[in-house]
Amino acid sequence: MSGPELPPLWRDLEFLAPMSPSRADDLARWVADGLTDGGTVLDVGCGWAELLLRVLEAAPRAVGAGVDLDADRVEEGRRRAAARGLADRTRLLAGPGAEAVEGPVEALLVVGASQVWGPDVDEGLPLDHAAALAAMRRQVVTGARVVHAEAVWSVPPTPAATARLSGRDDEFLAPAALADLVADHGFEVHAQEEADLAEWDAFEAGFTARWDRWLADHPADHPDAAAVSAAAAGQRAAYHQGYRGVLGFTFLRLVAV
Ligand SMILES: C[S@@+](CC[C@H](N)C(=O)[O-])C[C@H]1O[C@@H](n2cnc3c(N)ncnc32)[C@H](O)[C@@H]1O
């Protein structure tokens, strides 16, 4: 919503995705193990670059690049890189990811960011997976390790879930269908995992927390209070009465072939 200034999402979320810190560390270690000295890992749609920075911590001789449309998130990523002594190995850019020419690289992270190569999520259209995967393959060398994570239907979509999302059954794929598509685009699927409900619950709670923080910091008769309260309630209802357990998030570990 526009209007009231809300606290940044990174205050209550480690990642802008339903991904636990321990899962992120596992993924980061796997990516780091495939990097050579001086090799580059690129994160497209990096947000505040938390996963990228974890890869760089696990791969002390690698360099990292990240790009995200949201300049505030990129700035937070730079702050984190500096605080962790990673600034000299990290280059973060604010701008459209599809135009980030940084490659071909040895490792690629695309977490919840397929929309970089297609319609914006706000349009409620199915993601253009084919365009995203073709672009991802062009961005990496053969043998590159890629973490590609994306929203999927965990179970066949229910009317209650689709009503709270775009209204379309075809907005997402089943995890196996996404894996098939990936394999058709020059990648081998090394492993596939799905976010569990605890990760989703933590993500949704963190996502909603900024409205609660705003409400706690402002008087109840503030002109924006009703809208902020409605936004929080709407998000909670969408999740708990709608897509909880139906909308999933799959993590694919891919190797470029
Ligand atoms: C679901 S978030 C995931 C962020 C991050 N990968 C993470 O896991 O925390 C998707 C990110 O993609 C960014 N994004 C969306 N469209 C983009 C584009 N065309 N170019 C670059 N970044 C984009 C958004 O700003 C957002 O930060």
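A: Ring pairs join Trp200, Phe203, Phe207, Trp211, Tyr239 and Tyr243 into a cluster. This is a predicted model.

Now the wider count. The structure holds 9 aromatic pairs. Take tryptophan 10 and tryptophan 48. Their ring centres are 5.9 Å apart and their planes stand at 65 degrees, so this pair is edge-to-face. Over 60 degrees is the cut-off for that label. Tryptophan 10 belongs to the segment before helix 1 (21-33). Tryptophan 48 is in the loop between strand 1 (40-44) and helix 2 (50-58). The pair therefore ties together parts that are 38 residues apart in sequence. Both tryptophan 10 and tryptophan 48 are buried.

Next, tryptophan 153 and phenylalanine 172. This aromatic pair is edge-to-face too, with 5.1 Å centre to centre and 85 degrees between the planes. Tryptophan 153 lies in strand 5 (residues 140-153). Phenylalanine 172 sits in the loop between helix 5 (159-164) and helix 6 (175-183). Parts 19 residues apart in sequence are therefore tied together by this pair. Tryptophan 153 is buried, and phenylalanine 172 is as well.

Now the helix: helix 3. Start with its length. Helix 3 (residues 71-83) has 13 residues, which at 1.5 Å a residue should span 18 Å. Its end C-alpha atoms are 18 Å apart, so the two values agree.

The N-terminal end has a cap. Aspartate 70 provides it, with a side-chain oxygen 3.0 Å from the backbone nitrogen of aspartate 72.

Then the sides. Val74, Glu76, Gly77, Arg80 and Ala81 are buried in helix 3. Seen down the helix axis, the buried residues fall within an arc of 160 degrees, so they line one face. The face turned away from the buried side carries the exposed residues Asp72, Ala82 and Ala83.

Just after helix 3, glycine 85 takes a positive phi of about 70 degrees.

Terms used. Residues are numbered from 1 along each chain as its sequence is written. This is a predicted model: local features need pLDDT of at least 70, side-chain atom pairs count only at pLDDT 80 or more; totals for chains, interfaces and linings use all residues. Side-chain values use heavy atoms; hydrogens and water are left out. Rings of Phe, Tyr and Trp (its six-membered ring) pair if their centres lie within 6.5 Å; planes under 30 degrees apart count as stacked, over 60 as edge-to-face and the rest as tilted. Helices (H or I, at least four residues) and strands (E, at least two) are DSSP runs, numbered from the N terminus. Buried means under 20% relative accessible area, exposed over 50%, partly exposed in between (1.4 Å probe, protein chains only). The expected span of a helix is 1.5 Å times one less than its number of residues. The arc is that of the directions from the helix axis to the C-beta atoms. A polar contact is a pair of N or O atoms within 3.5 Å; within protein, one must be able to donate a hydrogen and the other to accept it, and residues adjacent in sequence count only if both atoms are side-chain atoms.
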